[in-house]
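Reader: I am new to this structure and would like to learn how to read it feature by feature. Could you take me through it slowly?

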Protein chains: 2
Amino acid sequence: MPERIALIGAGRVGGHLGRRLHKAGWPIVQVYSRTPDKAKSLAAQLGAGYTDDLNAITPDADLYILAVSDDAIGEVTGALRLPPDKLVVHTSGATPSDELHNRFARYGVFYPLQTFSADREPDFSTIPICLFAADTAGYDLLERLARSLGSPFYAVDDRQRFVLHVAAVFVNNFTNHLYQVGEDIAHSEQLSFDLLRPLILETAQKIQTASPAAMQTGPAIRGDAATVERHLAYLAARPEYAELYRMLTKGIKGEMG
Amino acid sequence: MPERIALIGAGRVGGHLGRRLHKAGWPIVQVYSRTPDKAKSLAAQLGAGYTDDLNAITPDADLYILAVSDDAIGEVTGALRLPPDKLVVHTSGATPSDELHNRFARYGVFYPLQTFSADREPDFSTIPICLFAADTAGYDLLERLARSLGSPFYAVDDRQRFVLHVAAVFVNNFTNHLYQVGEDIAHSEQLSFDLLRPLILETAQKIQTASPAAMQTGPAIRGDAATVERHLAYLAARPEYAELYRMLTKGIKGEMG
């Protein structure tokens, strides 16, 4: 008899994860969202009950998956009144498991290291899941969960997960900002961003099987000072981009720190 | 009767472009490389003659494609002695067409905006080609070339190509450096870079159909100062990464310049 799951949160992570768990055969008994329509809609897809009342969350599930925003984790854990044998996990890269430790005897983390969009179906078979549980039985359950999704999984403690989150900010949030800078520069000359999109995709694909250090190209790594100077002269009108260009060029040349 | 092509350069761009042109049915009459083995090996794949002597480049082709490094363009164009009806183009994002103008009556640019690896087969149907030619007949030929590869193509003048190259440095070279920072941070905690690779790919895939501005996520855009502070405290031991983190966070928040 598979463990019964209560899904707390019906946003992007809750929605994608809930549908994938349902497809894998896990019984989802209840969906909570503070937005009733969201709870109802996701619950209907999962054959689950739903509530928008934190105090009405069922005590009868075996596993409680918190897929709410980092800010809401405290509020939710403060309201949950559960028997001590229940396992409570969150799905956050940025939140220490301590926040659950203070409230629940059995707690853990089930953190899919991926960025989720409402309109893109994630492929869980490629999404690394970072697992942590305070007790062995809890870890076993989380591992079975990850296996059932076909996901690669890793035992990751609080400190490691924090560090991964820092690294993720660099490779996801900051990288996306560089895409935006590229788009802005192209648009400033009436050039379509479509000219840059294939390059962006290939840059990401190249490091799927190689180390980024081995893939570095461009004027900075070549020591092509003349091109760097021409680029900086062009960027003089955009000092914020020039400063970024200078700093990243120094980083590539290993001249920083 | 299709135009006959002389391919000057047998590196990554020359190799990939030459094989694709050959496959599309263009007669490649000669391959030049200063490295005889490279010239011979590529020529064999293309059914072409070859030389490692700049002075032995055939005057009998219709189109000369310079796929040499930016630094070598001057040397090659200085040595080429061609009848005035020949079209000479380079494949460089960073080199003004002026460098050909001074030497040839008919000149242009055929710049595939992509990063090429020796061991990855490029899909030319997705590679934007930036075209420029000083004369209409030259442009027509370059357009037929691009069409025969199934590539999207754009008329791009020298200034626009220069600006695209600046933008490409941001979205390719600088992005790859951020990947390297992410790898370095992960490795410093004995974490596999495999944990970050799917996130990197998804970040690039998301903006294939959307604008990066609409896709920005993370603590900076959320105004989550507490997380930013925790990340900076962790990065205190790596001041070069902390400085990069601070600057990119300011960029995302729109607080720069």
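This is a predicted model: local features need pLDDT of at least 70, side-chain atom pairs count only at pLDDT 80 or more; totals for chains, interfaces and linings use all residues.

Author: Let us begin with the helices, which are DSSP runs of at least four residues, numbered from the N terminus.

Reader: How many residues does helix H1 of chain A have, and what does it reach from its first C-alpha to its last?

Author: Helix H1 of chain A, residues 12-23, has twelve residues and reaches 17 Å between those two atoms, which is close to the 16 Å expected at 1.5 Å a residue.

Reader: Which residues of H1(A) are buried, and what do the buried residues pack against?

Author: Among the buried residues of H1(A) are Val13(A), His16(A), Leu17(A) and Leu21(A). The buried residues of this helix pack against E1, strand E2 (28-32), helix H2 (36-46) and strand E6 (106-112), which belong to chain A.

Reader: Why is Glu3(A) described as partly exposed?

Author: A residue counts as buried if 20 or more other C-beta atoms lie within 10 Å of its own, and as exposed if 12 or fewer do. Glu3(A) has 13 within that distance, so it is partly exposed. Glu3(A) is placed in the segment before strand E1 (5-8) of chain A, and, leaving aside residues up to four places away in sequence, it touches Asp62(A), Leu63(A) and Leu141(A).

Reader: How are two copies of a chain related?

Author: In general, a rotation about an axis and a shift along it relate two copies. Here a rotation of 180 degrees with 0.0 Å of shift along its axis superposes chain B on chain A, with an RMSD of 0.0 Å. The two copies are therefore related as by a two-fold rotation axis.

Conventions
Residues are numbered from 1 along each chain as its sequence is written. Chains are lettered from A and ligands numbered from 1 in the order in which they are written. Two residues are in contact if their C-beta atoms, placed from the backbone, lie within 7 Å. Copies are superposed by least squares on the C-alpha atoms of residues with pLDDT of at least 70 in both. The expected span of a helix is 1.5 Å times one less than its number of residues.
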